[in-house]
Protein chains: 2
Amino acid sequence: MPTRTGRPPKISRADIVAAAHRIMRDEGTQGLTMRKLAGEVGTTAMALYRHVRDKDELMQLLLDDYAAKVARPELSGDLDPGERVVAAAVAMRDALIGVPWIVEVLRADDMMSVHALWYPETIIDAAVRSGMPREAAVDMYRIIWHYTAGEITARAAAARRREDERPTYRAAVFANLDPAELPNLAALGERWEELTARDTYETGVRAIVRGLLAAHSTAM
Amino acid sequence: MPTRTGRPPKISRADIVAAAHRIMRDEGTQGLTMRKLAGEVGTTAMALYRHVRDKDELMQLLLDDYAAKVARPELSGDLDPGERVVAAAVAMRDALIGVPWIVEVLRADDMMSVHALWYPETIIDAAVRSGMPREAAVDMYRIIWHYTAGEITARAAAARRREDERPTYRAAVFANLDPAELPNLAALGERWEELTARDTYETGVRAIVRGLLAAHSTAM
DNA sequence: ACCTGAACACCGTTCAAGT
DNA sequence: ACCTGAACACCGTTCAAGT
């Protein structure tokens, strides 16, 4: 058994990740800086680089750590395949709704961390059981993912905007609509604010699933 | 007629916006800094603040300028309402595909600049003509918008990733899948890369439209 | 009225030196 | 082996001074 030599560590990866989660929760992606994180952990910014290659690796660590903690919801066994897809998508959205920064980190990968591959697996599995070829099932997953990522991002941005005091650019635009050119928007007027605050996520996934299943059975 | 006094301007808002567009095109949102922009225009960073309140206002200017230049596609008159929605959504996606930074700027507003309100108007109008109440038509527009924003962002990120040399995190994940736990993903294996490169945007909007129209006629 | 230089309060990251 | 201080090459923005 090799004896470790040298100075014993003051901080650990786990300390860093835990502190980073707290900052992310309280101040968002913007608020997470290496210097502030170091302060939270109780060292200097430079010490962090002993434990983490760079900020990108830290984000990946954060993602994996969160994904590992997300519980797998039990999907009731008597759902038909389409409803299983909807239930899995809603669960995925629920897992992301409090942590919109994750969507930024995920970016292009069309998927979450290793620990969250359960979501695509379930969605693809249910789609296949509904009679789709596996390729079409992957398309369904990706379409749902793009929709989910877009919805989460818009929701987070709307929440940020509501915290802002300044009058929205949007309000100014709606005050000056030409009803001749944009009759529907002008007719909606002040109701736009209220209508766009509604949670239509599930309506959307359900439409995607229904629409894709219908398209597939027509094509047969 | 009041005489203007003082030093004549060396640069204009138009110069600034034009230079900013070039930088955005060549280097993306990351590349646009006030100092670099000033260099491109031929002044100092601080001179920009005579013409633009701050970087946020500059982004809004950029957005409006681009939106004003986007041509309205003529939608053939003999499309049924559902196909009109699809055509408008595809046109909206096409207008955004080369300028993904716009989606970042738009953030929460669920819509583009004043000059691009034509898109929601057309989509809502077609949805209403297909027999939906206006509220449901707004929902349809928002669902399509979230899907579109998510797709554009993922597409841009995928393009960036392809430019990177380093082996993708995703590749490492797929090499170590447990087929017992994730049978579908394991079966897909190397095909994942190829399958997720496919353009499924139109399939997605079409499904959304079909699904929402079906849900509405069922409910009646 | 417009532009400039110096400065402020930040970033992520590197590197040589300390323990 | 780990941590620290000083430093580098950046940010957006302000402010007093110049033309």
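A polar backbone atom of A:Arg7 sits 3.1 Å from a base nitrogen of DNA strand D. The model is predicted. Chains A and B are related by a turn of 180° with a shift of 0.0 Å along the axis, and chain A then lies on chain B with an RMSD of 0.0 Å. That is the relation of a two-fold axis. Between them the two chains bury about 5,600 Å².

**DNA strand D**

- The surroundings of DNA strand D comprise 21 residues, and the closest are A:Lys10, A:His51, B:Arg7, B:Arg35 and B:Tyr49.
- Sugar or phosphate makes up 55% of the atoms of DNA strand D within 4 Å of the protein, and bases make up the rest.
- One phosphate oxygen of DNA strand D is 3.2 Å from a polar backbone atom of A:Ile11.
- From chain B, an N or O atom in the side chain of B:Thr33 is 3.4 Å from a phosphate oxygen of DNA strand D.
- Two elements give two or more residues to the surface near DNA strand D: α3 (45–48) of chain A and α2 (34–41) of chain B.
- By class, the residues of this surface near DNA strand D are eight nonpolar, six polar and seven charged.

**DNA strand C**

- DNA strand C is surrounded by 22 residues, of which A:Arg7, A:Arg35, A:Tyr49, B:Lys10 and B:His51 are the closest.
- Of the atoms of DNA strand C that come within 4 Å of the protein, 56% belong to sugar and phosphate.
- B:Lys10 has a backbone N or O atom 2.6 Å from a phosphate oxygen of DNA strand C.
- For B:Ile11, a backbone N or O atom is 3.2 Å from a phosphate oxygen of DNA strand C.
- B:His51 uses its side chain, with a polar atom 2.7 Å from a phosphate oxygen of DNA strand C.
- The surface near DNA strand C has eight nonpolar, six polar and eight charged residues.

**Extent of the interface between chains A and B**

- Contact between the chains involves 62 residues of chain A and 62 residues of chain B.
- Since 100% of the interface residues of chain A are also interface residues in chain B, the copies meet through the same surface.
- The size of an interface is often given as the accessible area lost when the parts come together.
- Here chain A and chain B bury about 5,600 Å² between them, and 60% of that is on carbon and sulfur atoms.
- A:Glu121, A:Tyr169 and A:Asn184 supply 12% of the area that chain A buries against chain B, more than any other three residues.

**Polar pairs and elements at the interface**

- Six salt bridges are counted between chain A and chain B.
- In one salt bridge, the side chains of A:Glu135 and B:Arg191 meet at 2.6 Å, N to O.
- Across the interface of chain A and chain B there are 21 residue pairs in polar contact, with both residues at pLDDT 80 or more.
- On the side of chain A that touches chain B, the elements giving two or more residues are α4 (55–69), α7 (118–129), α8 (134–163), α9 (169–175), α10 (183–188), α11 (191–195) and α12 (201–219) of chain A.
- The most comes from α8(A), which gives 16 residues to the side of chain A that touches chain B.
- That side of chain A has 31 nonpolar, 10 polar and 21 charged residues.

Note on methods
Residues are numbered from 1 along each chain as its sequence is written. Chains are lettered from A and ligands numbered from 1 in the order in which they are written. This is a predicted model: local features need pLDDT of at least 70, side-chain atom pairs count only at pLDDT 80 or more; totals for chains, interfaces and linings use all residues. Side-chain values use heavy atoms; hydrogens and water are left out. A residue is near a molecule or strand if one of its heavy atoms lies within 4 Å of it. A polar contact is a pair of N or O atoms within 3.5 Å; within protein, one must be able to donate a hydrogen and the other to accept it, and residues adjacent in sequence count only if both atoms are side-chain atoms. Helices (H or I, at least four residues) and strands (E, at least two) are DSSP runs, numbered from the N terminus. Ala, Val, Leu, Ile, Met, Phe, Trp, Tyr, Cys and Pro count as nonpolar, Asp, Glu, Lys and Arg as charged, and the others, Gly among them, as polar. Copies are superposed by least squares on the C-alpha atoms of residues with pLDDT of at least 70 in both. Contact means heavy atoms within 4.5 Å. Buried area is the accessible area (1.4 Å probe) that two parts lose on being put together, summed over both. A salt bridge is a side-chain nitrogen of Lys or Arg within 4 Å of a carboxyl oxygen of Asp or Glu.
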